[in-house]
Amino acid sequence: MLEAQLEMTDKIGYLLLKKGIIDHKILEQALKIKEADQAKLKRNLAQILVDEFKFDHDIIFREVAVLYAFKELNFPIEELPEERITEMKNMMTKQGEEIKKLLLDHRVIPFKFDDKIRDKLILAAVDPTDRALAKIAYALNAKKFEINYLRKKDFDKLVGLLVSTENEFLKMMQESHEEMHVAEDESSVNEEELDAEINKSALINLIEASLIEGTRRGVSDIHLIPKSGNKTEIHFRLDGKLALWHTQENTLPEAVMAVVKDRSKGMDRFEREKAQDGFIQREIDGHIIRFRVSVLPTVGTELKNKFESIVIRILDDRKVIKDLSKLGLVGYSNQAFVKAISAPQGMIILTGPTGSGKSTTLIAALYQVINPTKNVLTVEDPVEYVIEGARQLKIGYKMNFEQAIRAILRHDPDIVLVGEMRDKETAETAIKLANTGHLTFSTLHTNDAPSAVARLYKMGVEPFLIAYAINIIVAQRLIRKLCESCKKKVTNVEEYVRLAGMDPKDWIGAELYEEVGCDKCNHSGYKGRMAIHEALYFTKEIRRLIVHSGEDVDEEAIREQARKDGTLSLRDAGFQKAKLGLTSIPEVIGATMED
Ligand SMILES: [Zn+2]
């Protein structure tokens with residue numbers, strides 16, 4: 001299409017092409033979709049690019065906002081005063097639940113009334129071109145209105161503040177005075193009585209409330225722990241630490257567990273003898289949240305009664321980091337990592353214990369290299385997050401992990417993610433892929449990067465394969481951040497580091513902070529977590545060392561060479577963060593202790 005003609009027919013497409021945000025091919029495809037759109041309200045090109053081509057919403061819509069002269073709301077959401085939040089909340093709920101839902105569906109917030117024109121309502125919209133906005137303004141009883149553009153990530157934050165304080169299930173739970181009935185004989189389960197109890201709305205409210213509350217607080221897992229005396233404890237894991245959220249008393253733990261099992265796809269409520277996995281899906285605050293449920297039979301304290309323990313992992317796609325710069329990779333680790341994933345082929349291995357955030361980093365790295373010209377395949381068991389632009393293989397009883405690994409070789413991939421190298425076969429397949437022109441991402445369970453080399457060697461992978469297939473091995477840990485509201489400067493650094501068993505000479509002139517505890521951090525002194533990394537980039541020297549391994553891989557020699565190349569150990573990477581006042585020395589030492 002001629003440019004002049006395009007400028008007339010599709011201003012958005014013309015602008016995005018001019019700015020190099022989209023190319024001719026994508027533009028042509030998007031225009032075709034727009035042409036063929038059967039919906040009553042035809043989508044514009046920006047909406048199509050975000051919906052169908054998975055372009056970043058904010059990149060596209062910032063241009064659209066400029067093009068159509070929508071004002072952009074740009075300010076730190078965290079700094080909104082409490083009374084403004086209350087005011088917005090009131091405006092959202094005043095016209096009833098239906099209107100509130102409409103607002104959330106269309107991602108628009110009644111922001112405020114104009115300072116000068118008092119009856120003009122300012123609407124903050126993620127998509128200012130949404131044709132429903134006029135109708136929404138009308139529903140909010142606004143005589144006049146103005147649409148401002150609000151970035152999607154700011155909208156998400158704001159909605160968190162506006163909607164999160166209410167949990168209707170929690171409210172119902174607190175208001176309900178339903179009597180809990182307890183069976184006399186604890187040792188056997190009377191299915192009929194259990195049934196009666198399970199159907200009590202109080203229990204259902206409790207479980208639904210925990211799903212919503214857990215999601216809103218950003219917890220990673222919900223633990224349901226049966227206790228003797230007809231009690232069940234619900235714990236939330238937040239920033240890596242478990243904390244009690246609720247104790248359900250005077251109720252058979254079996255009943256609580258059965259309610260969860262009833263609501264999980266793929267679970268049998270009457271099965272109490274074996275481990276089961278299931279899924280729950282809910283829409284919470286306008287987002288689809290998935291929950292992976294794991295049930296394990298356990299014994300009670302008196303050993304006579306059988307219990308089940310349940311852990312629910314919250315899979316919130318909003319938590320997926322797509323931007324590598326947000327992972328906290330710094331200095332040499334960052335340079336080495338970027339270089340490793342920019343290579344046309346080779347392996348990128350993340351290592352660390354469970355809960356060290358390996359997959360978060362791996363997925364963020366994958367997002368850097370995914371583009372429509374690449375066939376990206378993933379084999380994970382289980383699939384935790386939906387990765388846009390990748391084909392994620394489904395592991396199940398008809399195709400297991402090993403079969404899937406074999407099958408990907410025949411599915412013409414460019415980039416492959418192998419969730420975990422569990423054994424020689426998986427490792428060799430991953431390495432084969434890396435050696436035959438594919439960029440391959442995977443994880444291993446080892447303490448640090450050099451020991452990952454030794455692990456592969458012990459699995460029986462040939463040293464020359466290890467040496468030449470791998471681009472980088474990155475070890476990762478999550479450490480807690482000091483609470484910014486209460487952390488305190490260490491007055492006597494010399495004594496402080498000596499007590500921690502370190503040489504004060506290495507800490508001359510360092511400014512260190514320690515934890516205190518306040519209301520904002522639940523009196524723990526810490527708030528939030530960050531990642532630290534040890535990046536073992538495969539330089540010529542490292543490769544030479546591995547190829548020449550005899551009976552054993554010399555981990556120490558690799559460590560020594562890596563240090564010369566610029567690698568920081570996990571502990572030193574942590575100390576670097578401590579020197580920036582972001583964390584404390586004991587936290588670093590605790591998190592980097594060898595198992
Ligand atoms: Zn604090």
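**Entry 1: strands 9 and 10**

I started at Ser-294, whose bridge partner in strand 10 is Val-311. Strand 9 (residues 287–299) and strand 10 pair in the antiparallel sense over 10 bridges. To pair, two strands need at least two bridges found by DSSP.

Before going on, I noted that this is a predicted model, where local features need pLDDT of at least 70, side-chain atom pairs count only at pLDDT 80 or more, and totals for chains, interfaces and linings use all residues. Residues are numbered from 1 along each chain as its sequence is written.

Then I looked up strand 5 (residues 221–227), which is joined to strand 10 (residues 306–315) by four bridges and runs antiparallel to it. Asp-221 has Arg-313 as its bridge partner in strand 10. A reminder to myself: strands of a sheet pair through backbone hydrogen bonds, either parallel or antiparallel.

Next I looked at an open sheet of four strands, in the order 1-4-3-2 and with mixed pairing. Strand 1 (71–73) and strand 2 (108–113) stand at the edges with a single partner strand each, so one side of each has no neighbour in the sheet. On average, neighbouring strands of this sheet are turned by 40° against each other, direction ignored. For angles, axes are lines fitted to C-alpha atoms (for helices over the stretch in contact), and the values run from 0 to 180 degrees between N-to-C directions.

I also checked strand 2 against strand 3 (residues 120–125): five bridges join them, and they run antiparallel. Ile-109 stands opposite Ala-124 in strand 3.

What is the strand order in the open sheet of seven strands? I read it as 13-12-14-15-11-16-19, and the pairing is mixed. The edges are strand 13 (391–393) and strand 19 (526–537); each has a single partner strand, so one side of each is left without a neighbour in the sheet. Here neighbouring strands are turned by 20° against each other on average, direction ignored.

Helix 18 (residues 449–459) packs on this sheet, touching strand 11 (346–351), strand 15 (439–444), strand 16 (470–482) and strand 19. The direction of helix 18 makes about 135° with that of strand 16. For contacts, I used C-beta atoms placed from the backbone: two residues count if these lie within 7 Å.

Inside the sheet, strand 12 (residues 376–379) and strand 14 (residues 415–418) run parallel and are joined by four bridges. Thr-378 has Leu-417 as its bridge partner in strand 14.

**Entry 2: helix 5 and its neighbours**

I looked up helix 2 (residues 11–18) and helix 5 (residues 57–67), whose axes come within 10 Å and cross at roughly 120°. That makes helix 2 oblique to helix 5.

Lys-11, Ile-12, Leu-15 and Leu-16 of helix 2 meet Ile-60, Glu-63, Val-64 and Leu-67 of helix 5. By class, this contact has six nonpolar, no polar and two charged residues. The classes go like this: Ala, Val, Leu, Ile, Met, Phe, Trp, Tyr, Cys and Pro are nonpolar, Asp, Glu, Lys and Arg are charged, and the others, Gly among them, are polar.

Then came helix 4 (residues 45–53), whose axis comes within 10 Å of that of helix 5, with a crossing of roughly 175°. Helix 4 and helix 5 are therefore roughly antiparallel. Ala-46, Leu-49 and Val-50 in helix 4 meet His-57, Ile-60, Phe-61 and Val-64 in helix 5. I sorted the residues of this contact into six nonpolar, one polar and no charged.

**Entry 3: helices 21 and 22**

How do helix 21 and helix 22 run, roughly parallel or roughly antiparallel? The axes of helix 21 (residues 540–547) and helix 22 (residues 555–565) come within 10 Å and cross at roughly 170°. The pair is therefore roughly antiparallel. Glu-541, Ile-542 and Leu-545 of helix 21 make the contact with Ala-557, Ile-558, Gln-561 and Ala-562 of helix 22. I listed five nonpolar, one polar and one charged residue there.

Note on methods. Helix = DSSP H or I, 4+ residues; strand = E, 2+ residues; numbered from the N terminus. Parallel < 35°, antiparallel > 145°, perpendicular 65-115°, else oblique.
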